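Please read it alongside the structure shown here.

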Amino acid sequence: MPQQLRSLRRSDADDEGSDDDWLTPQPGGKSGIDAEGSLPSQMATETDIADLKRHLCTLQDEHERMQDTVASLKAEKESLQGKLSEWQVWWSEQNHVAEEDIKFSKRFTPHPQSFTKKEKLLDQEKKRVDQEKVRVDQEKVRVDQEKESLQAEKKVLEQAKNLAAASFKNSFLSIQFQGEDGSWKLYPAECIPDIMQSLIKGEKQYRVCIDDRRYIIHFEDRYQQNLASGRTRKIRMWANLPENWSLAKELDLSKVVSTYKNPTFNNIAVRLGGQGEHAAFEAVLKRSIFHHQDLQPQSLSPCDRFRKSLKVTGVTRIENAYLYNKYAAFRSEMEERHRAHDVMQTEIVPQISSHMTKLADELLDRNVRSSVNEVLLCHGTSNESAHTIAVEGFDFRLARPGYYGTGTYFSSQTCKCRQYCDQSLTMIISRVALGTPHYADEVNNKVTRPPKCTSTGHLFDSIIAKPGKMKNHVNGIQSHQEFVIFEKFQAYPEFLVTFTATL
């Protein structure tokens, strides 16, 4: 019998007395049933029977309730058994994983006695890694140094290439070869100086390498030959000189090479004998005799008398290919330097005479002039010195110190240049690359180079003395416009002009 029923019966017995009490002998030897087997009268009453029936119904209800409880407990037991089975499976899996971990750990975990050896190996490996790191750092420094060296070499090569290109641009020699399509193509700029030197030496052939291909250039027969294939192509050469030069029209380069290789006054001087040419130069020289505003004399001055009496007797054009090539290279170098430093040229103040400027416009390349302030100026000297200058160029080292330093002096006014002529009355009209000029504000004959520009930190290219008041001048005033240069190839003697005049 379930515990609940037993408890219930004990409870009922406690509350109302046991159902078997009437079977239990009563005190005095009497039980609930008398001796004859008949029930006491009070026990057989209808009331007691009704109570018993009610009690029985209650017990039956309790019994059904307890059966439901048992069924619920059985279901809960089955649920718990299912969960227990799941937990058993999970626990079995965890044990399996733990066992595998233990096996793995036992397999790879060294014996405690091997830890010291392992630590030593690790220390050795660490030292090796540190040493390797130091080696890599050293290698990195070496690579950086090599990189800097290569960049420096690249810069030098680039400069050499630019110089070669400038040399080609300003070289008196131009050379081309005919391409497969029949068009004419330029040789690489870096090849031109060597080709030019070979031609100047009088060599008949020259070996050149272009894009890893080797060729032989035959100067006399005007063709190049591929050494690997034997294929030939035409070449053409000409003198890259001012268009008004007779040498620029010379198809046979032997004369050009001869004058370049060994210039003498006789083989570089081209006399212009036409009356029209003399008259043109005479007009230029006369119109370049003047005084600037505020410096006009009150009466007839020596400059006025010089203008009236001046007569040109001879004009010689100097076709010195060697000297012109040097001047053109200097001019190109100045142009590249100004471009690198973003130097913008300004007009000369005061402006050069209109007739001299007009002559410059006819003779000089305007694109070049604007970048280097290239102008035509006059230089007075003796006839002998003029011949030397035509061959060797201007050399300021032979000049006496002037008011504005030891340099080569020019003027835009022929009356100023006349002061330096001897009795031969010879004047040189020259190309001059003034570049960025410094305008002097005082006389200083100790100057040996142009001063430094405070805004750019670079040297000026020339010095200009403007007409007007001038500190330390013997007269207190600068009467004419003067220009001073301090480089040998900064000017080129374009024309020698001889004249007569009375003062």
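In this predicted model, helix α4 (residues 192–200) lies across β1, β3, β4 (213–218) and β6, running at about 105° to β1; axes are lines fitted to C-alpha atoms, for helices over the stretch in contact (heavy atoms within 4.5 Å), and angles run from 0 to 180 degrees between N-to-C directions. Helices (H or I, at least four residues) and strands (E, at least two) are DSSP runs numbered from the N terminus.

Because the model is predicted, local features need pLDDT of at least 70 and side-chain atom pairs count only at pLDDT 80 or more, while totals for chains, interfaces and linings use all residues. Residues are numbered from 1 along each chain as its sequence is written, and side-chain values use heavy atoms, with hydrogens and water left out.

The open sheet has 6 strands in the order β2-β1-β6-β5-β4-β3, with antiparallel pairing, where two strands pair if DSSP finds at least two bridges between them. β2 (184–186) and β3 (205–210) stand at the edges with a single partner strand each, so one side of each is left without a neighbour in the sheet.

| Residue | Bridge partner in β6 |
|---|---|
| Gln176 | Arg236 |
| Gln224 | Arg233 |

β5 and β6 form a hairpin with 5 residues between them, and Gly230 in the turn has a positive phi of about 80°.
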